[in-house]
Amino acid sequence: MSASDPIAPPAADQRPGKAWRPFALTAPALILLVAVIGYPLLTIVLRSLSEPEWGLQNYAWFFGAPVNLTVLQRTFVISAWVTLVCVIAAYPYAYLMTAVGPRVRLVLVLCVLIPFWVSGVVRTLSWVILLQDSGVINSLLRGVGFSGVKLIRTQTGVVIGMAQVLLPFMILPLYSVMKGIDLRLMRAAQSLGARPSRAFLTVYLPLSLPGVYAGAIIVFILSLGFYITPALLGGPRSTMLSTLVQTQVLSLLQWGRGGAMGVVLLVTTFVLLALAAPVMRSRHREAGRH
Amino acid sequence: MNPVQASRGAAIDLEAISKAYGGFKALDGVSLRIEPGEFMTLLGPSGSGKTTTLNVIAGFTDVTSGKLLVGEKSVVGVPAHKRNIGVVFQHYALFPHMSVGRNVAYPLTLRGVDKATREARVARALDMVKMGDFAHRYPSELSGGQQQRVALARAIVFDPPLLLMDEPLGALDKKLREWLQLEIKRIHRELGTTFVYVTHDQEEALMLSDRIAVFNRGRIEQVGTGRQLYDEPATLFVGRFIGDSTVLRGEARSDGNSTALSIAGETVTAPRKLSGEASPVMLLRPEKLSLRRPGQSASGGNRLSGTIGEAIYLGSESKYEVKLADGSAAIVRSPLTGESFGLGDKVELCFDGSDATLLADDASADTTLT
Amino acid sequence: MEMKPLTRVLLGLVCLLVAIWLVAPTLVVVPMSFNENKSLAFPPQGFSWQWYQNFATNPDWSNAFLNSLKVASIVAVLATVLGTLAAFGLDRMKARPANLLRMLMLTPMVVPGVVLAIGIYAVYLDTQLVGTLIGFVLAHTILALPFVLIAVSASLEVFDRRLETAAASLGAGALTTFRTVTLPLIAPGVLSGLLFAFATSFDEIVVSLFITNPYLKTLPVQIFASITRDADPTVAAVGTILLFATTILIGGGMLLLGRERKGRP
């Protein structure tokens with residue numbers, strides 16, 4: 001890729017003084033990035049430290065109020081559930097995508113991509129229609145003689161809806177890893193005496209784990225910051241951190257407190273990413289690439 | 001053929017094995033007996049059924065019909081993981097997430113061998129393939145040749161009575177291949193296990209094997225030692241597949257105990273007769289042919305006139321391609337001590353009729369080779 | 001991997017359920033959109049086109065739709081140009097700065113939506129960009145940029161740089177080389193980046209909810225407002241239209257792509 005590549009034309013060496021060119025190409029995007037992401041995030045950090053006055057009082061408030069800690073904990077629990085549901089549903093699905101012929105695969109891929117591309121608001125709307133007290137699921141239950149169940153504004157409803165919206169983010173990385181697994185290794189394992197189930201556990205599963213990690217990290221991080229689905233499907237007992245941030249800022253005009261929550265969410269996200277990066281990199285190396 | 005250490009290997013009997021994929025017959029009535037401790041090579045062009053045969057023995061492929069016995073016991077329907085057969089694959093098939101040591105220990109772990117015994121046997125197997133220092137490396141850190149040696153260690157560590165090898169050296173360069181051939185031969189001698197080796201490389205087959213089974217289009221054409229296949233090919237396909245050869249075709253006439261071919265006005269004879277209806281051809285090995293300038297006096301024997309089409313210097317000898325009057329080509333090898341010829345020289349191709357092998361003509365022998 | 005028939009059937013069943021879970025819930029908007037009553041309760045009653053008419057004639061809905069189209073079109077072009085330039089820059093940089101900058105440019109994907117939204121809202125309040133076209137375009141462009149970058153970078157990764165040397169040796173200048181050799185070969189990446197950018201903007205809701213005002217609403221904002229305010233089946237009609245538009249675009253695109261790939265040697 002770079003100028004050190006022996007095959008690539010040594011453009012940088014031939015024309016000294018033009019090394020700044022690649023940086024110039026990235027400059028417009030970077031300027032926009034700084035203006036529309038960097039500056040706003042900086043503003044939020046500053047406000048969390050300065051409103052109403054300079055100090056850490058907003059953070060002290062956040063970690064001092066049990067309500068906030070409950071919501072923080074709930075955000076993690078819901079995200080963990082969503083991730084778990086996604087792994088369980090995506091694993092066999094992604095595996096099937098690698099095992100079938102091109103025609104069936106196209107159908108399976110479309111089943112993933114179409115929801116992926118359909119507007120997230122519309123998909124959440126569908127879940128409202130499905131889960132509400134007068135919704136599809138309850139109508140069906142009553143139709144066969146059961147009493148209705150409370151789904152909307154419950155944690156279960158939020159998990160079901162969020163997992164469905166996030167499932168493609170789990171399936172796609174899993175599929176791309178599984179596609180690269182040499183199925184002939186399973187044959188080798190069998191010739192060495194492994195039952196199919198044993199061969200799966202000792203060979204296929206470990207080789208597919210990088211995909212599971214990658215997908216799980218993405219799903220978990222996106223879950224942490226999810227806003228629309230919990231806002232529409234959840235109730236007061238399933239409030240997640242994002243909703244709390246929105247309430248502080250838009251309804252209570254508490255920029256400092258809302259900012260502090262936002263910073264906590266932001267820092268958590270990046271800490272998770274930083275923790276995941278070395279794990280994924282070492283997995284990568286084991287899988288045979290340097 | 002290798003009776004000395006035959007004790008630890010298993011015999012294999014394939015009886016009329018057929019395998020059909022839809023309408024395509026991958027194997028068409030293959031029968032073969034492999035003796036305990038023997039080194040048997042399945043040789044043939046790609047698509048000839050040799051790898052399918054190996055997969056049938058390993059248990060990766062079900063048979064459509066026929067009997068298969070390993071160590072005098074039928075294994076039809078027995079799944080691969082219960083057959084206790086070592087397999088070495090062309091693509092190495094080492095587990096990328098396990099170190100070399102864990103790869104080799106894998107079959108022992110599956111068999112519940114305790115840790116101490118396991119370590120000792122892994123070390124012994126790795127020493128046998130001269131990879132003892134690499135136990136902690138990962139497959140991605142090894143060269144192709146090293147990976148294949150580890151794969152070999154993994155396939156022999158659980159002492160299977162039978163080892164199958166599917167073109168194990170196919171992905172390696174020539175030098176490494178030749179060295180590993182010697183290693184494989186040594187390991188076969190040391191273990192006494194039955195080896196079944198698949199290759200499309202006839203030189204490799206000749207170098208390694210006790211016996212060779214030549215496959216063509218889902219059938220076995222001939223089974224025999226390398227010398228038998230070279231000197232007495234049973235079919236034109238075998239004659240052409242093993243070693244260099246010249247095939248003479250012409251209008252055939254048989255009388256009494258000899259056959260004469262008339263080729264573009266010249267006639268050659270062989271003191272033999274082909275049984276059956278098929279039209280006969282003569283197959284000649286390059287070292288049985290000699291070249292002379294036209295008109296030079298010579299003793300009896302067959303002569304055909306031709307022109308030198310190609311002259312190749314090979315160090316210890318020269319190789320000539322001679323264009324014959326009917327447009328076909330003959331390949332002649334002659335020592336450098338003899339007379340040398342240049343491009344376009346008119347020559348006479350001479351051979352003794354008793355050196356010619358008479359075979360039934362089979363036009364497909366040419367097409368399947370290319 | 002050879003599987004037992006039972007395993008095979010079980011796997012198929014599980015995957016069928018997952019596929020239904022992925023696709024079926026979204027389809028529920030279709031019957032709801034033809035409801036005669038102004039209600040989103042199931043099952044819908046009767047049959048009527050009135051909600052589609054409402055979508056076309058009610059200025060709240062039609063303006064929101066037109067706004068979304070306008071914003072998404074500008075964002076698609078802007079993000080594609082910036083993203084393609086950046087992808088080129090990164091491709092021609094040394095590995096270390098390139099990786100660092102790439103990570104920076106992908107941050108919009110992982111920053112939690114609400115955090116970004118309040119940040120942008122705070123800045124927009126100060127700069128009077130709330131409820132303006134340029135405000136929407138800037139925010140959406142930065143969110144769409146990572147998708148363009150990923151798509152174009154993927155194309156560049158498989159692009160053979162020696163082709164540019166070859167073109168140069170044949171007498172093509174830098175710009176001609178780019179126009180006649182590089183761009184046609186990475187066009188699929190650029191095009192899918194454009195599509196991704198359009199969809200990202202057309203769909204964007206979290207930041208939009210904060211920077212919207214009564215004068216400028218996008219379609220997702222209008223849908224969200226409608227869901228939270230009343231049970232107006234017009235949202236179901238809009239959802240149905242979007243669902244079909246998406247299916248036709250993606251399905252058609254994949255079929256075309258598949259055909260094109262087959263057509264190549």
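Reply: Some terms come before the questions: helices (H or I, at least four residues) and strands (E, at least two) are DSSP runs, numbered from the N terminus. Two strands pair if DSSP finds at least two bridges between them. The model is predicted: local features need pLDDT of at least 70 and side-chain atom pairs count only at pLDDT 80 or more, while totals for chains, interfaces and linings use all residues. Residues are numbered from 1 along each chain as its sequence is written, and chains are lettered from A and ligands numbered from 1 in the order in which they are written.

Me: In β20(B), which residue is the bridge partner of B:Leu304?
Reply: Strands β17 (residues 302-313) and β20 (residues 346-351) of chain B run antiparallel and are joined by six bridges. For B:Leu304, the partner in β20(B) is B:Leu349.

Me: Which helix of chain B gives the largest share of the side of domain 1 that touches domain 2?
Reply: Chain B is assigned domain 1 (12-240) and domain 2 (244-369), with bounds that come from an automatic or database domain assignment. Their C-alpha centres lie 38 Å apart. The contact (C-beta atoms, placed from the backbone, within 7 Å) takes nine residues from domain 1 of chain B and eleven from domain 2 of chain B. On the domain 1 side, four residues come from the helix with the largest share, α8 (residues 236-241) of chain B.

Me: Which element gives the most to the side of chain A that touches chain B?
Reply: In this interface, 17 residues of chain A are in contact with 22 residues of chain B. The elements of chain A that give two or more residues to that side are α9 (184-191) and α10 (196-224). With six residues, the one that gives the most is α9(A).

Me: Between which chains are the most contacts?
Reply: Chain B and chain C are joined by no contact, and their closest C-alpha atoms lie 9 Å apart. Two pairs of chains touch, and the most contacts are between chains A and C.
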